[in-house]
Amino acid sequence: MIAVRVPAKVNVQLGVGGLRADGFHDLANVFFAVALGDEVTAVFGQGVTISCSGPDADQVPLDDTNLAARAARLLAARHGIEPDVHLHIAKAIPVAGGMAGGSADGAAALVACDALWQLDTPLPVLLELAAELGSDVPFALLGGVALGRGRGELLEELPVAGTFHWVFAVADGGLSTPAVFRECDRLREAAGTGSSAAEVPTPDPSAELLAALAAGDPAALAAALGNDLQAAALSLRPDLADCLRAGLDAGALAALVSGSGPTCAFLAKDAADAQAVADALTASGTCRAAHATHGPVPGARVIAG
Ligand SMILES: C[C@](O)(CO)[C@H](O)COP(=O)(O)OP(=O)(O)OC[C@H]1O[C@@H](n2ccc(N)nc2=O)[C@H](O)[C@@H]1O
Ligand SMILES: Nc1ncnc2c1ncn2[C@@H]1O[C@H](COP(=O)(O)OP(=O)(O)OP(=O)(O)O)[C@@H](O)[C@H]1O
């Protein structure tokens with residue numbers, strides 16, 4: 001049996017460029033891996049089978065569309081072997097929450113199957129397979145803090161000092177990532193700025209944000225956080241504004257929508273403040289649950305087996 005732990009992500013900067021001809025958007029995507037994560041275990045089986053446990057387990061597909069199943073098949077095909085594995089996902093990352101939960105399970109399955117089948121696949125090949133599975137999957141392999149260019153898959157590790165403390169407020173229901181990108185384009189068209197790659201400049205990482213990460217300075221990071229998808233997520237889910245406000249009222253340094261949402265992320269000064277913000281959010285009734293956590297943490301890693 002192989003057990004792999006894999007982190008969720010929050011995008012501390014999500015700069016979104018124009019719509020490309022291939023349906024994706026160029027990004028300046030600063031990923032940050034947090035301790036809130038899933039565990040994926042792999043044992044030998046017949047074909048690829050999936051099971052899932054956790055509060056959101058009923059929303060996770062158990063068929064071939066599960067990103068963990070797709071990852072197992074892709075790795076086996078690359079090596080020309082039969083994909084015989086049972087994968088169990090112990091799910092803590094909110095489903096369709098903008099924290100790359102499915103992507104995390106895809107990355108964890110690549111690492112778990114690679115160890116179970118004793119393939120010793122080099123990291124660059126795992127990263128290439130990960131990018132085939134989705135734009136967020138390569139980062140879940142790396143963890144830490146990284147800048148994602150292109151559609152988010154071209155990664156460069158970033159220097160970061162110390163530990164930052166976060167709270168994540170889980171919303172009822174999810175948001176579809178393509179629907180949020182479409183809403184972002186629609187809002188840009190409505191504002192008259194255009195939405196195509198020819199009309200919207202390719203975003204760059206913020207110098208203030210990179211300096212705050214390197215210095216381990218939560219107040220400076222709070223001032224530099226940014227998410228170009230936030231207006232689109234709020235347009236589709238106006239109720240999220242109440243949750244963002246409740247976290248700020250409870251003392252968070254900053255509040256933003258996590259990726260494509262609807263999970264809301266709050267940066268806190270320290271671990272005690274993060275717990276106080278999580279307790280206040282839970283009591284506020286503006287979210288389904290709130291979790292205090294920290295980061296950065298490593299990407300998908302074998303923890304047993
Ligand atoms: C919002 C983020 O989570 C931020 O990290 C990611 O950009 C989304 O990454 P993901 O869920 O892995 O997305 P993918 O599975 O690669 O793409 C799903 C869909 O999201 C949209 N998409 C995704 C990434 C990107 N750079 N531009 C896009 O427009 C496209 O409609 C695409 O068909
Ligand atoms: N292992 C998985 N865990 C959760 N959802 C999965 C998984 N595999 C496939 N899915 C499908 O993917 C959809 C999006 O789920 P996911 O939790 O990855 O969203 P997300 O965190 O918003 O993604 P991202 O932040 O990468 O845009 C789900 O509604 C589900 O149908």
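## Close-up views of a predicted model

**Figure 1. An aromatic cluster in the predicted model.** F32, F164, W166 and F168 together make up one aromatic cluster, shown here in a model that is predicted. The structure as a whole holds 4 aromatic pairs. One of these is the pair of F31 and F139, whose ring centres lie 4.6 Å apart with the planes at 10°, so the two rings are stacked. Because F31 belongs to strand β2 (residues 25–43) and F139 to helix α4 (residues 137–142), this pair ties together parts of the chain that are 108 residues apart in sequence. F31 has a relative accessible area of 0% and is therefore buried, and F139, with a relative accessible area of 2%, is buried as well. F32 and W166 form an edge-to-face pair, with 5.6 Å from centre to centre and 65° between the planes. This pair, too, links distant parts of the chain, since F32 is in strand β2 and W166 in strand β7 (residues 164–170), 134 residues apart. Both F32 and W166 are buried.

Figure 2. Ligand 1 is surrounded by 17 residues, of which N11, H25, N29, S135 and D136 are the closest. A polar side-chain atom of N11 is placed 3.0 Å from an oxygen atom of the ligand, and an N or O atom in the side chain of H25 is 2.6 Å from an oxygen atom of ligand 1. R151 takes part through its backbone, where an N or O atom lies 3.0 Å from a nitrogen atom of ligand 1. Taken alone, ligand 1 exposes 640 Å², and the protein buries 82% of that area. The view also takes in the side chain of R151, whose charged end sits over the ring of F24 at 5.2 Å from the ring centre.

**Figure 3. The surroundings of ligand 2.** Among the 22 residues around ligand 2, those that come nearest are A96, G98, G102, D136 and T177. N66 places a polar side-chain atom 3.1 Å from a nitrogen atom of ligand 2, whereas L67 brings a backbone N or O atom to 3.0 Å from a nitrogen atom of the ligand. For G98 it is again a backbone N or O atom, here lying 2.8 Å from an oxygen atom of ligand 2. Of the 610 Å² of accessible area that ligand 2 has on its own, the protein covers 79%. D136, which is listed with the nearest residues of ligand 2, is also listed with the closest residues of ligand 1.

Figure 4. T177, one of the residues that come nearest to ligand 2, has its place in helix α5. Its relative accessible area is 37%, so T177 is classed as partly exposed. The C-alpha atoms of T177 and G97 are separated by 9.1 Å, although the two residues are 80 residues apart along the chain. S260 is located in the loop between β9 (254–257) and β10 (264–268), and its side chain is joined to that of T177 by a polar contact of 3.3 Å. S260 has a relative accessibility of 7% and therefore counts as buried. When neighbours within four places in sequence are left aside, the residues in contact with S260 are G98, L175, T177, V180, L229 and A233.

Figure 5. S195 is found in the loop between α5 (177–190) and α6 (207–215). With 9% relative accessibility, below the 20% limit, S195 counts as buried. The side chains of S195 and E189 make a polar contact of 2.7 Å. Apart from neighbours within four places in sequence, S195 is in contact with G18, L19, D185, R188, E189 and V200.

**Figure 6. The buried residues of helix α3 and their cover.** In helix α3 (residues 123–133), the buried residues are V125, L126, L129, A130, A131 and L133. The elements that cover these buried residues include α1 (67–79), α2 (101–116) and α4. Helix α4 also holds F139, the partner of F31 in the pair shown in Figure 1.

Definitions and conventions: Residues numbered from 1 in each chain as written. Chains lettered and ligands numbered in written order. Predicted model: local features only at pLDDT ≥ 70, side-chain atom pairs only at ≥ 80, totals over all residues. Heavy atoms only, no water. Helix = DSSP H or I, 4+ residues; strand = E, 2+ residues; numbered from the N terminus. Buried < 20%, exposed > 50% of the residue type's maximum accessible area, 1.4 Å probe, protein only. Polar contact = N/O pair within 3.5 Å; in protein donor to acceptor, adjacent residues only side chain to side chain. Contact = heavy atoms within 4.5 Å. Phe/Tyr/Trp six-rings, centres within 6.5 Å; stacked < 30°, edge-to-face > 60°. Lys NZ or Arg CZ within 6 Å of the ring centre and 35° of its normal. Near = heavy atom within 4 Å. Areas by Shrake-Rupley, 256 points an atom, 1.4 Å probe, with all protein chains shown as cover.
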